[in-house]
Number of protein chains: 4
Amino acid sequence: MAKSRFEYVRNYELPDPIMPNAFIVVRIDGRGFHKFSDTHLFQKPNDKRALDLMDIAAKTVMNEYKDVILAFGESDEYSFLLRRNTKLYNRRRSKISSSIVSLFTSAYVFHWSHFFPNDPLKYPPSFDSRAVVYPTDKEIRDYFAWRQADTHINNLYNTAFWALVNDGQTTTEANKTLQGTDSKDKNELLYSKYGINYNNLPAMYRKGSICVRVDPQSIRLSLDDTDSETNTANSATVEIASSSRSAHQINPTPSGVDENDATPEDGDIRRRSKSVKKVKPYEGIDGEITILHEDIIKDKFWNERPWLTI
Amino acid sequence: MAKSRFEYVRNYELPDPIMPNAFIVVRIDGRGFHKFSDTHLFQKPNDKRALDLMDIAAKTVMNEYKDVILAFGESDEYSFLLRRNTKLYNRRRSKISSSIVSLFTSAYVFHWSHFFPNDPLKYPPSFDSRAVVYPTDKEIRDYFAWRQADTHINNLYNTAFWALVNDGQTTTEANKTLQGTDSKDKNELLYSKYGINYNNLPAMYRKGSICVRVDPQSIRLSLDDTDSETNTANSATVEIASSSRSAHQINPTPSGVDENDATPEDGDIRRRSKSVKKVKPYEGIDGEITILHEDIIKDKFWNERPWLTI
Amino acid sequence: MAKSRFEYVRNYELPDPIMPNAFIVVRIDGRGFHKFSDTHLFQKPNDKRALDLMDIAAKTVMNEYKDVILAFGESDEYSFLLRRNTKLYNRRRSKISSSIVSLFTSAYVFHWSHFFPNDPLKYPPSFDSRAVVYPTDKEIRDYFAWRQADTHINNLYNTAFWALVNDGQTTTEANKTLQGTDSKDKNELLYSKYGINYNNLPAMYRKGSICVRVDPQSIRLSLDDTDSETNTANSATVEIASSSRSAHQINPTPSGVDENDATPEDGDIRRRSKSVKKVKPYEGIDGEITILHEDIIKDKFWNERPWLTI
Amino acid sequence: MAKSRFEYVRNYELPDPIMPNAFIVVRIDGRGFHKFSDTHLFQKPNDKRALDLMDIAAKTVMNEYKDVILAFGESDEYSFLLRRNTKLYNRRRSKISSSIVSLFTSAYVFHWSHFFPNDPLKYPPSFDSRAVVYPTDKEIRDYFAWRQADTHINNLYNTAFWALVNDGQTTTEANKTLQGTDSKDKNELLYSKYGINYNNLPAMYRKGSICVRVDPQSIRLSLDDTDSETNTANSATVEIASSSRSAHQINPTPSGVDENDATPEDGDIRRRSKSVKKVKPYEGIDGEITILHEDIIKDKFWNERPWLTI
């Protein structure tokens, strides 16, 4: 088929490759999540359901993109580290950044009802993303340390803030009360006034969520550099996702969902589901990936995973 | 709170502004939609439900981003034109491109069940995006002409291809049959062998979908250049979405909306809903935007909408 | 010859194309020219020799790069406009910008002794450059208007400043005297106190230097888009330069060219020189290009040269 | 003075910072030097005068830009390494790349007559430049190894080629003779047929020129990161250059220079190699910088200069 005479406009699509052998971090960030969390009545200062949903969306990304070897999330943001030598999409910046944010968003909406079974999504949320390039492992470690330090700072503040608000202060008053306080002040306030030992709060809230592959085999494999643009997509997506869906629907007390499964069109899905039958709910896409809530600032985490910074 | 000593990694986030006064087109494209459409049993060569879903996702984008003044979609892709002088996100390339693809994806998954009520989504689909910059209105016209010419070329081919397949040819045979044929050949094949007058097929399939605002008032308004990064987000999002949600969930007993609204937490939503009360399901976000399936290559379309290429 | 195993480092040279069909302006700017002009005792507020040298360097650039269709200079800066459709170096930003600043610098040093025969260059001066991209002719007109307005503003200030200094004020006092004055004030000061009618000063100082090709034929030719990377270099360079050189050295007896050419090494030069025989000293590179000191802000200049903004 | 209404065109000058903490290499390359070397009758395969001129131009760059910590030259190209943490011009790509190529070019023309006292420059030569960014010291070592391997490959070829041509072959025949030969073949040809032991040829031709600072003090100083955009310019420029100028111009009987010139070719190199204590004209700008012709591929060079890859 002859190309049209308008084809020339393609020439305006300029190349945007990221330089070789540098680390790429894609960070996605919720747009308007203050309003979104209000509208959807997220619990404050932390809503475990919302954080779990973020984590499952991050896992979806890591399952699809094997070259994402580490992710860290807090609140409405998530950062994805691509291995240094990734050839994903020939390192095209837009392609990498947009594909990841799109899949993350998609998984967030797709899995919403599992985590919020009684709170239907009221409008489609969205995230933005950017790809940042770092030359060495030092910056990578500092990048994740930066995010985890931020998690701590925000969570301590929010915990104190909501304790005050729940105690009767207006948000304005609570802000004022906390103005000029440092970490120690806030810890003391929480402990003396509300009997809260900050360090005993769930690690998920204090440390954020770290996604890593349990089995470095897959990493080693991917370090072979044999992946091309065509094979980076995880061909297991359908299976994984279908099992995820199963998870939603088979779910111990799957309310109205079962009716849906009864619809004839779903026949082939059920059949396909067989192959992943033994996968437990929401562990389908957990397979290789685990979520940790531990310190990422000190050496231990990194020493145990030397493949992250190769 | 003092900033952490890791903060310096922010310096690696380099600016990526798009030059002023040039047109920006963000094109999103389905990733792996061949498999996705197979898995979800899309009708071939065109599945109206899937195209309608693409259109509603595009409308969601246009409702949120008033500076998107035109969109064109076909198959699993959509192109969004931002007005020449947009200040959206200070014209930051990543921010614009990623926010649009994320919202599009989100809306696609969010509205899926409305268009495929009996076919639950089996896994989260995703799209990539890129922002392309064009200096003048000539390239803009040619860009959209390029996409519509492409729609025609693909649809004619696919129509002939699936006619052959439905007639008993294997896909390999059908491909072979069509090899080397031109438009006239395919038209004749369709007509003589299958009695299909290609030009009588739905315009949606032959011309793609054009989204424009009905009322140029809003455009004129936005041409004032008074919008800043903070106010570009459409504050009507919640309303729109809440009415959309109602559409999904209350269907076919829309009274259910009230039940929902009866929950105390939903108070402000209910109040807000008043203003969009008369809007019927799925017309809420249609309000200002209309979808056309007409020629975008000739002058007529553009002459009627001079504000597009100012 | 086998490539070395180090060859991979080439992959770090990333593409930097400028988008098609947009105007490119390369602006070069003297580095440390305050000190340079002091060291070389430039006359203040304007040194005609220095400005003439800038102009000849600009002409050299335009002779070499036929796609440079307009240039504007003032003080120690020069702006070069490349025609909208230039294919020069495949529109690679670095290549275009660096080649122009290098040739300009080279010509500046090369021709120095002609304009400053008694003031040898004390150290090698340098310039920086940047390429700026503009989508339409409006910005191009405004760009050159901006530079000419700047010329006026600076020259009026400097004229008043040096009048005061020559009248006995220190530079600090002169600066203070002028603080807060507008154009009218400075004009009046010059006229009432020093009898200087600003508008009667040489146009070169007030308007800057505009380089254009006299004969638009060459433009029309270049608009054919037939030029490739290889043929953009002006093959006439050697001839032009050799005549220029002659000018330097043999001046004031231009017949001396032949004597010079008589040196055996110069054989092929002499032969080549024939074709430019009738060209007088320093008119060699003037051939197609003329330098104007006129208004570039109003329409007249542009209306007379429609090819500039095609 | 109020800014003009055209000022807005400045907004089209977009930022182009290079990411922090990555090595920057600026490589300049002669434009049309095949013709330039023919026109100026360079000796083949190597013209020591031309190489010395390249080296002095490189030194000028290193004297001006203290953050250039290493340079390597061969033929008509030179590569400049900026220290990893350079803040030069806030790491603006265009500014760095253009300033270096401009100063190099300027110095090349400025010093021409010293190296070619009897062969006046016939036209202004020019160079292009590009800035390439490398994340780690490994790529930096490989980059310079790449250039030195290239030097060897080219020089061996050219030496054999010109031996054949001087022996009576046409250039076409010589090319043909060498087609398909490897290094060993060429070495043998040179030795058996022309009695040339390639390894005994001057190291300058076989290894290229390496410029490094003798005294790492200046490096250590510059590693303090205290330099700002304003103070990166070497304030000693004028002095240095003026002493150079003295050499050229005041010296009617250029004392030391003549001595230097008296040695057939290598004299001044030898003397310079010994030490840089007795700095004579043209050694003024040698002060801190020395030129080596040694192996840069093996570890020794780098182990002796750990500050290069910090």
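In the predicted model, residue A:L41 is placed in the loop that runs between α1 (33–39) and α2 (48–64) of chain A. The phi angle of A:L41 is near 55 degrees, a positive value in a residue that is not glycine. Most residues other than glycine have a negative phi, and most peptide bonds are trans.

Helix packing was examined within chain B. Helix α4 (residues 137–166) and helix α6 (residues 183–194) of chain B pack at an angle of about 35 degrees, and their axes are 10 Å apart. The crossing of α4(B) past α6(B) is left-handed. On the α4(B) side, the residues in contact are B:H152, B:L156, B:Y157, B:T159, B:A160, B:A163 and B:L164. Their counterparts in α6(B) are B:S183, B:K186, B:N187, B:L189, B:L190, B:K193 and B:Y194. Classified by residue type, this contact comprises eight nonpolar, four polar and two charged residues.

The contact between chain D and chain B was considered next. Nine residues from chain D and nine residues from chain B take part. The size of an interface is often given as the accessible area lost when the parts come together. For chains D and B the buried area is about 770 Å², of which 79% is contributed by carbon and sulfur atoms. Within chain D, the residues that lose the most area to chain B are D:Y12, D:L14 and D:P20, which together account for 56% of what that side buries. The side of chain D that touches chain B consists of seven nonpolar and two polar residues, with no charged residues.

Side chains of opposite charge can pair when their charged atoms come close. Over all chains, the count comes to 68 salt bridges. One of the pairs is formed by the side chains of B:R27 and A:E13, with an N to O distance of 3.0 Å. This pair crosses between chains: B:R27 lies in strand β1 (residues 23–31) of chain B, whereas A:E13 lies in the segment before β1 (23–31) of chain A.

Definitions and conventions
Residues numbered from 1 in each chain as written. Chains lettered and ligands numbered in written order. Predicted model: local features only at pLDDT ≥ 70, side-chain atom pairs only at ≥ 80, totals over all residues. Heavy atoms only, no water. Contact = heavy atoms within 4.5 Å. Buried area = accessible area lost by both parts, 1.4 Å probe. Nonpolar A, V, L, I, M, F, W, Y, C, P; charged D, E, K, R; others polar. Axes fitted to C-alpha atoms, helices over the stretch in contact; angles between N-to-C directions. Helix = DSSP H or I, 4+ residues; strand = E, 2+ residues; numbered from the N terminus. Left-handed = near helix turned anticlockwise from the far one by under 90°. Salt bridge = Lys/Arg side-chain N within 4 Å of Asp/Glu carboxyl O.
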